[in-house]
Amino acid sequence: YFGWKKIIKQMSADDVIQAHVKALKEGTVRARSLAQTLLNVPYGEGDGEKLDVYIPSTSSLDVDLVIYLHGGYWQFLSKEESGFMAVPLVDKGVVVVAVDYDIAPKGNMDLIVSQVRRSVVSVVQQYSHISGLYLCGHSAGAHLAAMVLSTDWSQYSVTPQIKGALLVSGIYDLLPILSTYVNDPLKMTEEVALRNSPSKFVSQLKHSSSDCHIIMAVAENDSPEFHKQSEEYYKALEASGLNVSMENVANTDHFNIIEQLVDEEYHLTKLLLKMMGKG
């Protein structure tokens, strides 16, 4: 359905996955050598509720900040491979925050969504001098970013003003996943899938994030289901009058579409910087 069956079944031996993890890890190591870092900053009580902060050497008090939510089908990857996009961004005076959450089977979908929402609240509370708050997520991380945009912030102590979001090769309706291997460690019921599907909360997103500029991106060589989900979610957001655009990124697949954010000349890096008024 998502081209995931092969990946999940052969994950330990799958060269594509290994190469992807290696690329993200190398980019993260590079980012840690370029930026000042605050690693393993807690945003909650749980062991998995930590984030890494990549800080540019800028004297400016007002900085743009991007929160990155990693992919990995909600069951692998971590913040240890999630700092790569800081490489071009810290150069431009942008703070990057990579968020960890409890991947399945330890974490279930309700917990994971709650964690990323709380991480955003924590970042806003700790960094009061943010001039612009942005989200970026890939695959499962794009789903989580969309769930953050759909949050009813009245239940939280602050209302984050998210200026922009880059949603890359995301999943916005979880129902098709229920019958796939992806759901084995997640154990989602239909009820859980429905309440964690961004496509069901477009009206709430409009209420919570009406001023947010949303860029949706899909890889040219993403599987048909990713194209379908992105297209349908894009159309729903557009029909609600939201500021949303769609990018079909040529010559990319599900993995290198995000890996290339390590490069300041990459199309999506330029779009993100332009969104911040730095392009």
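This is a predicted model: local features need pLDDT of at least 70, side-chain atom pairs count only at pLDDT 80 or more; totals for chains, interfaces and linings use all residues.
The UniProt record, an unreviewed entry, places the feature "domain: Alpha/beta hydrolase fold-3" at residues 66-254. Over residues 66-254 the chain is 34% helix and 20% strand. The end C-alpha atoms of this stretch are 21 Å apart.

Helix H4 covers residues 109-126. At 1.5 Å a residue, its 18 residues should span 26 Å. The end C-alpha atoms of H4 are 26 Å apart, which agrees. The N-terminal end of H4 is capped by Asn-108. A side-chain oxygen of Asn-108 lies 3.2 Å from the backbone nitrogen of Asp-110.

Ser-122 lies in helix H4. Ser-122 has a relative accessible area of 8% and is buried. Buried here means under 20% relative accessible area, so Ser-122 qualifies. Leaving aside its neighbours within four places in sequence, Ser-122 is in contact with Pro-42 and Tyr-43. Ser-122 and Pro-42 are 80 residues apart along the chain. Their C-alpha atoms are separated by 8.8 Å.

Helix H11 spans residues 267-275. Its buried residues are Leu-268, Thr-269, Leu-271, Leu-272, Leu-273 and Met-275. Gly-277 follows H11 and has a positive phi, near 75°.

Aromatic rings come next. A pair of aromatic rings is described by the distance of the centres and the angle of the planes. The structure holds four aromatic pairs. One of them joins Tyr-73 and Phe-76. This pair is tilted, with 6.0 Å centre to centre and 50° between the planes. Tyr-73 and Phe-76 are both buried. Another pair consists of Tyr-172 and Tyr-233. These two rings are stacked, with 4.4 Å centre to centre and 10° between the planes. The pair links distant parts of the chain, 61 residues apart. Tyr-172 sits in the loop between E6 and helix H6 (183-186). Tyr-233 belongs to helix H9, residues 224-239. Tyr-172 is buried, as is Tyr-233.

The loop between E6 and H6 also holds Ile-171. Ile-171 is buried, with a relative accessible area of 0%. Ile-171 and Val-244 are 73 residues apart in sequence. In space they are 16 Å apart, C-alpha to C-alpha.

A search of the whole structure finds zero disulfides. A disulfide needs two cysteine sulfur atoms within 2.5 Å. For Cys-212, the closest cysteine sulfur is in Cys-136, and the distance of 12 Å is again too far for a bond. Cys-136 counts as buried, at 0% relative accessibility. Cys-212 counts as buried too, at 0% relative accessibility.

Most residues other than glycine have a negative phi, and most peptide bonds are trans. The peptide bond from Ala-104 to Pro-105 is cis, with omega near 5°. Pro-105 is found in the loop between strand E4 (95-99) and H4. Trp-74 is not a glycine, but its phi is positive, near 60°. Trp-74 is located in the loop between strand E3 (63-69) and H3. With a relative accessible area of 0%, Trp-74 is buried. Ser-139 likewise has a positive phi, near 60°, in a residue other than glycine. Ser-139 lies in the loop between E5 and helix H5 (140-149). The relative accessible area of Ser-139 is 1%, and Ser-139 is buried.

Notes: Residues are numbered from 1 along each chain as its sequence is written. Side-chain values use heavy atoms; hydrogens and water are left out. UniProt positions are given in the numbering used here, feature names are shortened, and annotations may be inferred rather than shown by experiment. Helices (H or I, at least four residues) and strands (E, at least two) are DSSP runs, numbered from the N terminus. Buried means under 20% relative accessible area, exposed over 50%, partly exposed in between (1.4 Å probe, protein chains only). The expected span of a helix is 1.5 Å times one less than its number of residues. A polar contact is a pair of N or O atoms within 3.5 Å; within protein, one must be able to donate a hydrogen and the other to accept it, and residues adjacent in sequence count only if both atoms are side-chain atoms. Rings of Phe, Tyr and Trp (its six-membered ring) pair if their centres lie within 6.5 Å; planes under 30 degrees apart count as stacked, over 60 as edge-to-face and the rest as tilted. Contact means heavy atoms within 4.5 Å.
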